[in-house]
Structures are given as C-alpha cells and as structure tokens.
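Student: Could we go through this model together? I would like to begin with the ligand and then turn to the backbone and the rings.

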Amino acid sequence: MGIAIYPGSFDPVTLGHLDIIKRAATQFDHVIVCVMFNSHKSGLFQPEERVELIERVTSDLGNVEVDMSSQLLAQYAKGKGASCIVKGLRAMSDFEEEFQMATINRKLNPKLDTIFLTACQDFTYLSSSIVKEMARYNVKLEGFVSPLIEKDVNQKMKEHLALENNRQKK
Ligand code: ADP
C-alpha cells in the first residue's frame, strides 16, 4: 500500500509510538518514521539522538526507516513520494488538532491522505511528556519505553537535571 510517513517529536520514542509503528508496518510497504523538529523548540534529546533511539527499537522491522526533518510535513511527504501520513489517536482530545492538521496537509498536497490508528488500550495514557516526568522523579520506565532505551532516557534526564541545578545556582 505504498509509502507512509509517521511524523512526531518522539522525545523520546515510547511503547505507544512503537505499537503504532509496528501496526503501520504491517499495512504499508514502507514506513518512514520522521522526527519533526524546529529550531525554536528544543527537547530533552537532540533530533539526531531521537533518530538513533527509534532506529534501535525498530531494528527488527525490515520496512521501517527513520529520518528527521524540519520541513513542512506536506512538502517532506511529497519529496519522499509518500501517499499517506499515519497518526496515532489516544483520546478525543487528540482529535480536534489532528483533524485540522490532516485537512491542512491535504490542502497543501491533495495526493496526501492521513490515516488514524487508535492507540492500544494499554498505552492511551502514554506520552513522551509522561515518560520525561517519570524519569525526572526516578520512576522505573518499564512499560513506558522499550528496555533497549531505558538507560539512555534515565542518563539523559540525569544530565538535564544536573544542568538545571547548575543554572539555578548561578
Ligand atoms: P507525544 O504526544 O508522545 O509527545 P508525538 O508528538 O511524538 O507524541 O506523537 C507522534 C504521533 O504519535 C502522534 O500522532 C500521536 O498522537 C501519536 N502517539 C503518541 N503517543 C501515543 C500512544 N501512546 N499511543 C498511540 N499513539 C500515540
């Protein structure tokens, strides 16, 4: 069914994201997971680091590629020859913004459609922000992120908190 793009911040990739990636990979010939970033919004992980973490947790999926871009999504998708954007829907609260984005993207690139996959029941509460909040308070990340990246998230948060502490002291 052609090429699909799964865009997001993935700061960091969660088990909820991974579930969507795996399901999309069974429906499309090729899935490009794209870390979308812009220079005004910094995250916990650098875009290159987010790509590396996603690559690690999807290394067993042969038709999944990981990329990053600061382009407008509709333009990026056109450049990649993608016919579809995949999005995950956790709750009604996701819907309004996603509906608006899908409409805009189709206006910008009429050949581009958006497909929504509903979140797996176990992960409806899960977001990258929740993962960061847990890591900040040293809560075990089991069940939130892949065991393959748990250490990296904890380490990154440690460094972040140390920097924050230093700044407060100044
Ligand atoms: P987050 O809200 O976790 O920061 P992103 O902006 O990286 O997520 O989200 C990328 C895409 O993944 C969006 O379509 C979002 O709705 C979807 N998504 C995020 N978390 C989940 C989840 N737990 N289950 C299903 N889809 C999700």
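Tutor: What follows concerns a predicted model, taken topic by topic.

Student: Which residues come nearest to the ligand?

Tutor: Tyr6, Phe10, Gly88, Phe123 and Ser128 come nearest, out of the 18 residues around the ligand.

Student: And how does that shell divide by class?

Tutor: The shell around the ligand has seven nonpolar residues, seven polar residues and four charged residues.

Student: Where is the ligand in terms of pockets?

Tutor: The ligand takes up the space of the largest pocket.

Student: What lies 3.2 Å from an oxygen atom of the ligand?

Tutor: That is a polar side-chain atom of histidine 17. The backbone takes part in two further pairs: a polar backbone atom of serine 9 is 2.9 Å from an oxygen atom of the ligand, and a polar backbone atom of leucine 126 is 3.0 Å from a nitrogen atom of the ligand.

Student: How much of the ligand does the protein bury?

Tutor: The protein buries 88% of the 530 Å² that the ligand exposes when taken alone.

Student: Changing topic to the backbone: is the peptide bond from aspartate 11 to proline 12 cis or trans?

Tutor: That bond is cis, and its omega is near 5 degrees. Proline 12 belongs to the loop between S1 and H1.

Student: What about phi of phenylalanine 10?

Tutor: Phi there is near 50 degrees, which is a positive value in a residue other than glycine. Phenylalanine 10 is placed in the loop between S1 and H1, and is also among the residues that come nearest to the ligand.

Student: Now the rings. How many aromatic pairs are there?

Tutor: The count is three aromatic pairs.

Student: Why is the pair of tyrosine 125 and phenylalanine 144 edge-to-face?

Tutor: The ring planes stand at 75 degrees, with the centres 6.2 Å apart, so the pair is edge-to-face. The cut-off for that class is an angle over 60 degrees.

Student: Where in the chain are those two residues?

Tutor: Tyrosine 125 is in the loop between strand S5 (113-118) and helix H5 (128-136), while phenylalanine 144 is in the loop between H5 and helix H6 (150-169). The two are 19 residues apart, and the pair links distant parts of the chain.

Notes:
Residues numbered from 1 in each chain as written. Predicted model: local features only at pLDDT ≥ 70, side-chain atom pairs only at ≥ 80, totals over all residues. Heavy atoms only, no water. Near = heavy atom within 4 Å. Polar contact = N/O pair within 3.5 Å; in protein donor to acceptor, adjacent residues only side chain to side chain. Areas by Shrake-Rupley, 256 points an atom, 1.4 Å probe, with all protein chains shown as cover. 1 Å grid on protein atoms, 1.4 Å probe; cavity = no way out; pocket = protein on both sides within 12 Å on 5 of 7 lines; lining within 4 Å. Sits in = over half its atoms within 2 Å of the grid points. Nonpolar A, V, L, I, M, F, W, Y, C, P; charged D, E, K, R; others polar. Phe/Tyr/Trp six-rings, centres within 6.5 Å; stacked < 30°, edge-to-face > 60°. Helix = DSSP H or I, 4+ residues; strand = E, 2+ residues; numbered from the N terminus.
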